[in-house]
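Hi everyone, thanks for coming.

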Amino acid sequence: MPRDTVIHYLKHHPRDALRVLEAARAEELHAFLDSLGSETKANVLGYLLPHTAAGYIARVGADRAAEVVGQLRSATAARLLAAVTQGLRRDILEQLPLEKRTNIRHLLRYPDDSVGALMLTSTLACRVDANVRRAKQLVRRFTQVELPMMVVVDDDMRPVGLVSVSNLLRARERDPIDTHMRFVPARLRAHAEVRTVLALPVWDTEDYVPVVETDERYVGLLPKASLHGHALATRGTAENSEDFATTVLDVADLFWRPAAETLARAASTNSGEHE
């Protein structure tokens with residue numbers, strides 16, 4: 001296909017084009033992005049999944065990344081920069097115009113008592129129309145991301161559900177990802193105060209809840225353990241020993257199910273060896 005046709009398609013149909021780009025190997029994707037002009041490249045990066053875009057930003061370095069990031073909307077730039085290392089983020093921001101830099105820093109700076117301050121940003125996400133094979137490729141490519149859950153997002157980067165990575169790795173590769181997805185009946189705003197989400201019913205059934213910005217786009221995951229840890233630090237353990245004991249039990253419960261599964265598998269293996 002002629003290059004001009006490809007560029008035209010990228011400019012006018014970025015959401016469709018990114019399906020092909022996200023399925024490519026990292027080196028192929030990076031080589032293709034290198035061949036684009038900064039404006040088209042910025043448009044494409046703005047639609048890519050955060051960890052995929054962050055991988056390219058990390059490879060090209062702060063100088064070249066700043067040229068692209070400077071052309072993104074502040075909210076989009078903040079989402080992308082939240083997924084890179086703190087040092088690289090600082091170096092990129094220092095090269096942006098003052099107003100742009102100020103806006104992005106404001107979006108990235110969450111108060112200590114906010115959901116955004118506790119959320120995990122080094123997470124994996126995949127598109128809702130992907131299959132299991134594609135999701136497994138993401139898990140293998142981003143092995144540095146050590147989370148038991150993958151977030152499923154729609155075309156507008158809004159979270160629609162979660163997939164257990166352990167279940168994913170056992171699933172058939174041709175299965176649509178949404179057949180293994182669990183719908184999460186809540187999204188937390190990154191700027192919400194922690195005290196306002198502590199008692200939400202979602203924590204009765206979920207260990208992780210997606211976090212979104214004001215535009216409803218996914219920015220991270222809030223673990224139940226982090227929420228309780230913050231509550232402990234805020235209350236103080238001395239005068240709340242009863243609450244402390246309850247919270248510790250709640251946190252321990254997070255690890256009981258996977259631990260029980262591991263023990264059951266080990267017991268089954270051992271009994272098979274002795275038969």
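**A quick tour**

Before going on, some housekeeping. This is a predicted model, where local features need pLDDT of at least 70, side-chain atom pairs count only at pLDDT 80 or more, and totals for chains, interfaces and linings use all residues. Residues are numbered from 1 along each chain as its sequence is written, and side-chain values use heavy atoms, with hydrogens and water left out.

Back to Asp156, then. Which residue forms a salt bridge with Asp156? That's Arg158, with the closest N and O atoms 3.4 Å apart. A salt bridge here is a side-chain nitrogen of Lys or Arg within 4 Å of a carboxyl oxygen of Asp or Glu. Arg158 is partly exposed too, at 32%.

Now look at Met157. Met157 is in the loop between strand 2 (149-153) and strand 3 (159-164). Helices and strands, by the way, are DSSP runs numbered from the N terminus: H or I with at least four residues for helices, E with at least two for strands. Met157 is buried, at 4% relative accessibility, and its phi is near 65°, a positive value in a residue other than glycine.

Met157 also turns up in the lining of the second largest cavity, alongside residues including Leu45, Pro50, Arg79 and Arg217. That cavity has a volume of about 70 Å³. Helix 6 (74-81) is one of the elements giving two or more residues to its lining, and helix 6 provides the largest share, 3 residues.

So what's a cavity? On a 1 Å grid over the protein atoms alone, it's a set of points where a 1.4 Å probe fits but cannot get out, and lining residues have an atom within 4 Å of a point. Points are joined across faces, edges and corners, and the volume is the space filled by probe spheres set on them.

How many cavities of 30 Å³ or more does a search of the whole structure find? There are 2. The largest has a volume of about 90 Å³, and its lining includes Pro50, Arg79, Tyr218 and Val219. Helix 5 (50-69), strand 1 (124-127) and strand 6 each give two or more residues to that lining.

Strand 6 brings us to the sheet. It's an open sheet of 3 strands in the order 4-5-6, with mixed pairing; two strands pair if DSSP finds at least two bridges between them. The edge strands are strand 4 (188-189) and strand 6 (218-223). Strands 4 and 5 run parallel, joined by 2 bridges, and Arg189 has Val212 in strand 5 as its bridge partner. In the loop between strands 5 and 6 you'll find Glu216, another non-glycine with a positive phi, about 75°.

One last stop: salt bridges, of which a whole-structure search finds 13. Take Arg59 and Asp34, with their closest N and O atoms 2.4 Å apart. Arg59 is in helix 5 and Asp34 in helix 3, so this pair ties together parts 25 residues apart in sequence. There's also a network linking Arg25, Glu27 and Glu28.

Note on methods
Buried means under 20% relative accessible area, exposed over 50%, partly exposed in between (1.4 Å probe, protein chains only). On a 1 Å grid over the protein atoms alone, a cavity is a set of points where a 1.4 Å probe fits but cannot get out, and a pocket is an open set with protein on both sides within 12 Å along at least five of seven lines; lining residues have an atom within 4 Å of a point.
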